[in-house]
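The following questions and answers concern side-chain contacts in a predicted model.

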Amino acid sequence: MARDYYGILGVSKGASDDEIKRAYRKLARQLHPDVNPDPEAQEKFKDINAAYEVLSDDRKRQIVDLGGDPLAPGGGAGGPGGPGGAGPFVGFQDIMDAFFGGAAGAGRGPRPRTRPGADAILRLELDLQETAFGVEAPITVDTAVLCTTCTGAGTAAGTHLATCEACGGRGEVQSVQRTFLGQVVSARPCTVCQGYGTTIPTPCPTCAGDGRVRTRRSLTVKIPAGVEDGMRIRLAQQGEVGPGGGTAGDLYVEIHERPHDVFSRKGDDLHCRVTVPMTAAALGTRLTIKTLDSEEPVDVKPGTQPGSTLRLRARGVPHLRGTGRGDLYVHLDVRTPTKLDADQERMLREFAKTRGEEVAELSKQGGFFSRMRDAFNGHA
């Protein structure tokens, strides 16, 4: 049964080439072995690579749209149904080759050894101060880089690629099969050279013929002021070098902002909580608030209630795009004393009397809910 290559990439059958490419790159960033070591993720990574290989090739995609699977195993040179074979069955690929250019002289040709590299992603944790005002952060990344011994050629010093003897450099072999449609000539990638048309008689001892090696590199990434948690910084061509020394992919640095001890962030605005004594809230006072980069005096008006908020304009995080900054919101918690000595209690009671607040009566007789409770319990 043909695989659902569209479903593997999560795109519709009518998706454009750009949509297919974007879907592949998004999934590759999530499932790349350097980012996600889970064995299941590695299998999915192979599947999306196969799906992208098929759907980015117009001819293979046409086979999929007609209900076939261009990567499904079938007859080849010397195999069942090949020259001299009498098997009546032929794979769907072979039939499509007969109609869409797989006949002799119309093959796809060898595939290039040099191919573009994949993107890489790196998580970078920063403090609020660093995300707010920017920083040049050193990072260490493990990626494939160009092999300096062979400079991407994959061959040992003094040696060269050799034309594949099995396919004569075409990168594919042809087979003739008899089907209900008549004689069909089909082409398959050469299994000796893997479709490259050339072989490496003496591979480079450093990269084993791949043209690249894995190494750890140190870079410096410039983080702009105002970045937020989850944003990504793109470093062009700092990702994986492709096979055969192909163009490197991009490196994406994903920002993760550590929680701050004092401030919480919502967009470009900052929030903090300040506790003031009950007397200061009643009489008014002046506070000194330490912001991210300064100290600001703040007036607390007399009669300030619990939960009140003070706003300090342009004392938040700088805007990532454009000028200016967000605001700082100071949320006030009014603290009521929990323990009073005799003199303090006496003074508060006298103060309550001057305001007509019957603190003593409530203390002796109980509050409203206490009286309700007594009523239900049958007390006079």
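Q: Does Arg 265 count as buried or exposed, and at what relative accessibility?
A: In this predicted model, the side chain of Arg 265 meets that of Glu 257 in a salt bridge, at 2.8 Å from N to O. Buried means under 20% relative accessible area. Arg 265 therefore counts as buried, at a relative accessibility of 18%.

Q: Which residue forms a salt bridge with Asp 327?
A: Asp 327 lies in the loop between strand 14 (309–312) and strand 15 (328–335), and its partner in strand 14, so the pair ties together parts that are 16 residues apart in sequence. The closest N and O atoms are 2.7 Å apart, and the partner is Arg 311.

Q: How are the rings of Tyr 24 and Tyr 52 arranged?
A: A search of the whole structure finds 1 aromatic pair. The ring centres of Tyr 24 and Tyr 52 are 4.3 Å apart. Their planes stand at 10 degrees, so the pair is stacked.

Q: How many residues apart in sequence are the parts that Tyr 24 and Tyr 52 tie together?
A: Tyr 24 counts as buried at 15% relative accessibility, and Tyr 52 as partly exposed at 23%. Tyr 24 lies in helix 2 (residues 17–31) and Tyr 52 in helix 3 (residues 39–55), so the parts tied together are apart in sequence by 28 residues.

Q: Over the face of which residue does Arg 29 lie?
A: Arg 29 is linked with Arg 25, Asp 119, Arg 234 and Asp 250 in a network of salt bridges. At 4.4 Å from the ring centre, Arg 29 also lies over the face of Tyr 252.

How values were computed
Residues numbered from 1 in each chain as written. Predicted model: local features only at pLDDT ≥ 70, side-chain atom pairs only at ≥ 80, totals over all residues. Heavy atoms only, no water. Phe/Tyr/Trp six-rings, centres within 6.5 Å; stacked < 30°, edge-to-face > 60°. Helix = DSSP H or I, 4+ residues; strand = E, 2+ residues; numbered from the N terminus. Buried < 20%, exposed > 50% of the residue type's maximum accessible area, 1.4 Å probe, protein only. Lys NZ or Arg CZ within 6 Å of the ring centre and 35° of its normal. Salt bridge = Lys/Arg side-chain N within 4 Å of Asp/Glu carboxyl O.
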